[in-house]
Amino acid sequence: MVNGVNLFFQFLDSFGFIVLSAIGLAIIFGMMGVINLAHGELIMIGAYGTTLSFNAGAPLLLAMAVGVISAAAAGLVIERTIVKRLYQRPLDSMVATWALGLAMTQMVRIIFGNSLSGIGLPLGAIQYGQFSYSMYRTLLSVVALVVLLGAYVVFTRTEFGIRARATIQDDDTARAMGIDTDRMYTATFVIGCALAGLTGALYAPALAVVPGMGSSFLVEAFVAVVTGGTSVLLGTTLAAGVLGTANAFFTNLYGTFIGQVAMLIVAILILRFLPTGLSGVVETVRGQMERES
Amino acid sequence: MSEHSLIDRFRGRFEGPNTIGNSRGFWVGFAVALAVAFAYPIFVSNYQAGNLALFLIYAILALSLSVVWGYSGVLSFGQVVFFGFAGYTFGIVTLNIQSTVGIMMAIPIAVGVATLVAFTLGYFMFYGKVTGVFVAIITLVSTIVLQTFMAQTAGSEWAIGKAQLGGFNGMPGIPNIALGVGETSVAFSGKLFYWLCLVLLVLSYFGLRALTNGRFGYAMVGVREDEDRVEMLGYDIRKVKLTVFTVGGAIAGLAGVLYAAWGNYIDPTVFSLTFATFPVIWVTVGGRESLLGAVLATVSLEWFRQQLAITGSEYALVVVGLLLLVVVLVLPDGIVPYVHEKAVSAYREYNDEVDRSVGSSTEEEIPE
């Protein structure tokens, strides 16, 4: 039987996971047209930074900050040395970041071995009736909303966001207006990587920290980006909402595996019948309403 | 004279601007290399021949990506999907019908299943107007999903007929490839299997050379270079892409059948991200617009990886990853086309010098 409260917590969990998996990838893709296939590895770096500094004695929040900063630093190096050279070749930038991810996973495996001793899940559980749900995982969905809101404010309400979007829309004109477009690209890429690092930091207590852990975020991240469409923040939110619902509902009924299958089937249907993605549909509707009024 | 022109006409089908190696010099070198490859098992043990056979199987897989990505511009991380589907299908059919007839039936069925999977996936993508990086993402997601799916099929309820899918443990006991009628049958193992793989690799290579240098090949390359223009010329680019993708799936499927028969075994690692990367690495390093480059890079990279693995080093993946990175940044066309270009220009220079010193023009044709 479907328990409404269970379903609700399950939904929050899926929603948070999809948003946090996708957000770094989505911002880089939406703003720069670059698919960063080292995304999973940046998440892994965030988790490793967090776990290693936690094990060294840092308090959890400080350890998470270390995780975010290490992923951002890695992102800066990757952008300056590799991605920068491949802006005109989107497929090649995929292959290059992919190659990098492969080498990074293996290097981490060589240096730190096959697993780290983990951080226990903090904050305990929420009890309701005979059921309970992890407080921490529920909190992550709130963090996901805060991240979405923060990204929205940064990219629409700040000087930096306006410059960044101007660069995306027409970089020649932006340059003519005196914007350092190279720096905008670098900053956007680093923000995306820092968010990937944040995802790793947040899930470090909740998952096994192993070199290949990045790949467990990839399906959700890619599916959300592909179904979300061109308007990334709106798209990611909608995709996480729709896919999270499908995932939570079927997970609740038939277990995690069927939940994932259901999510993918919904994604395939969206792709086949809504070629502009979920955000594209919203924009079309909004455009029609404006014309009618 | 007539015999000469017949050879020329035959050669003409495999030559053109879309492949490197259109000169007499190339074909002589090719024949020598092929003779060496055929003679190799005579001088080594069954084990070594079997070892190299695996690299030849991988080379067929690499060819399938070269034609899809290098020639038609569709980056697919999913060649291993068709490879794995065919391997599993071959296993399922042969474990259910344990006879030479079963094996002979299993080969076309397995390749057919791979082709069908490629066609279905391709239909959804290309007729759903999915392009560019999205194709790459969807193919990548499909490998991850299949790995997750196959890895959880350990329970005994996951069986097709007598064949247990086996989850992480994989599917053992897949027979060798065997051909024959009634009582007389030949099972391909060891050196014989090596020769079979070599023949199939050479056939795939020639088949794809003919395809890429034919009318359809020009349409493929056109789609890669400028979709809009090709569409203006009256081609249905969705159809061109779907056809290439399906052909690529069939070739990857053939490689998958050989792979399952090679190890008598298949498991979900064929769908893993690491394995999905390898075709991309081979093809990029060798030169994705070069069929020959794909084959050469596959065999040398796999040989290198194995040598490192034998010495117990864990750095093979790091080195291969960095090599791929360097090639993308420095030599985006790949190593083999680069070497070929250098060789041709050196040859031309040498010819010019001969011309000047002798003072007469040579009739030797200049390779492209």
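Trainee: Before we start, how are residues, chains and ligands numbered or lettered?

Mentor: Residues count from 1 along each chain as its sequence is written, while chains are lettered from A and ligands numbered from 1 in the order in which they are written. The model is predicted, so local features need pLDDT of at least 70 and side-chain atom pairs count only at pLDDT 80 or more, whereas totals for chains, interfaces and linings use all residues.

Trainee: What pattern does chain A follow along the sequence?

Mentor: Helices (H or I, at least four residues) and strands (E, at least two) are DSSP runs, numbered from the N terminus. On that basis chain A has 12 helices and two strands. Read in order, the pattern is α-α-α-α-β-β-α-α-α-α-α-α-α-α.

Trainee: What is the radius of gyration of chain A?

Mentor: The radius is taken over C-alpha atoms, and the globule rule is 2.2 Å times the number of residues to the power 0.38. For 293 residues that rule gives 19 Å, and chain A comes close to this, so it is as compact as a globular protein of that length. The C-alpha atoms fill a box of roughly 65 × 55 × 30 Å along the principal axes. The radius of gyration of chain A is 19 Å.

Trainee: And what is the radius of gyration of chain B?

Mentor: Chain B has 14 helices and six strands, and its C-alpha trace spans about 80 × 50 × 50 Å along its principal axes. A compact globule of 368 residues would have a radius near 21 Å, and the value for chain B agrees with that: 22 Å.

Trainee: What percentage of the residues in chain B is buried?

Mentor: Buried means that 20 or more other C-beta atoms lie within 10 Å of a residue's own; exposed means 12 or fewer, partly exposed is in between, and C-beta atoms are placed from the backbone. In chain A, buried residues make up 49% of the 293 residues. For the 368 residues of chain B, the share is 46%.

Trainee: Which element gives the largest share of the side of chain A that touches chain B?

Mentor: Call two residues in contact if their C-beta atoms, placed from the backbone, lie within 7 Å; then 28 residues of chain A touch 30 residues of chain B. Helix H4 (90–112), helix H9 (215–228) and helix H11 (256–273) of chain A each give two or more residues to that side. The largest share, 14 residues, comes from H4(A).

Trainee: How many nonpolar residues does that side of chain A have?

Mentor: Ala, Val, Leu, Ile, Met, Phe, Trp, Tyr, Cys and Pro count as nonpolar, Asp, Glu, Lys and Arg as charged, and the others, Gly among them, as polar. The side of chain A that touches chain B has two polar and three charged residues, and its nonpolar count is 23.

Trainee: Are H3(B) and H10(B) roughly parallel or antiparallel?

Mentor: Axes here are lines fitted to C-alpha atoms, for helices over the stretch in contact, with angles from 0 to 180 degrees between N-to-C directions. Helix H3 (residues 46–71) and helix H10 (residues 237–263) of chain B pack at about 170°, their axes 8 Å apart. Angles under 35 degrees count as roughly parallel, over 145 as roughly antiparallel, 65 to 115 as roughly perpendicular and the rest as oblique. H3(B) and H10(B) are therefore roughly antiparallel.

Trainee: Which exposed residues sit on the face of H8(B) turned away from its buried side?

Mentor: In helix H8 (residues 215–225) of chain B, B:Gly217, B:Ala219, B:Met220 and B:Val223 are buried. They cover an arc of only 160° around the axis (taken from the directions from the helix axis to the C-beta atoms), which puts them on the same side of H8(B). The buried residues pack against H3, helix H7 (190–213), helix H9 (227–232) and H10 of chain B. The face turned away carries B:Arg215 and B:Glu225.

Trainee: What is the phi of B:Asn264?

Mentor: Most residues other than glycine have a negative phi. B:Asn264 lies in the loop between H10 and strand S6 (265–266) of chain B, and counts as partly exposed with 15 C-beta neighbours inside 10 Å. Although B:Asn264 is not a glycine, its phi is positive, at about 55°.
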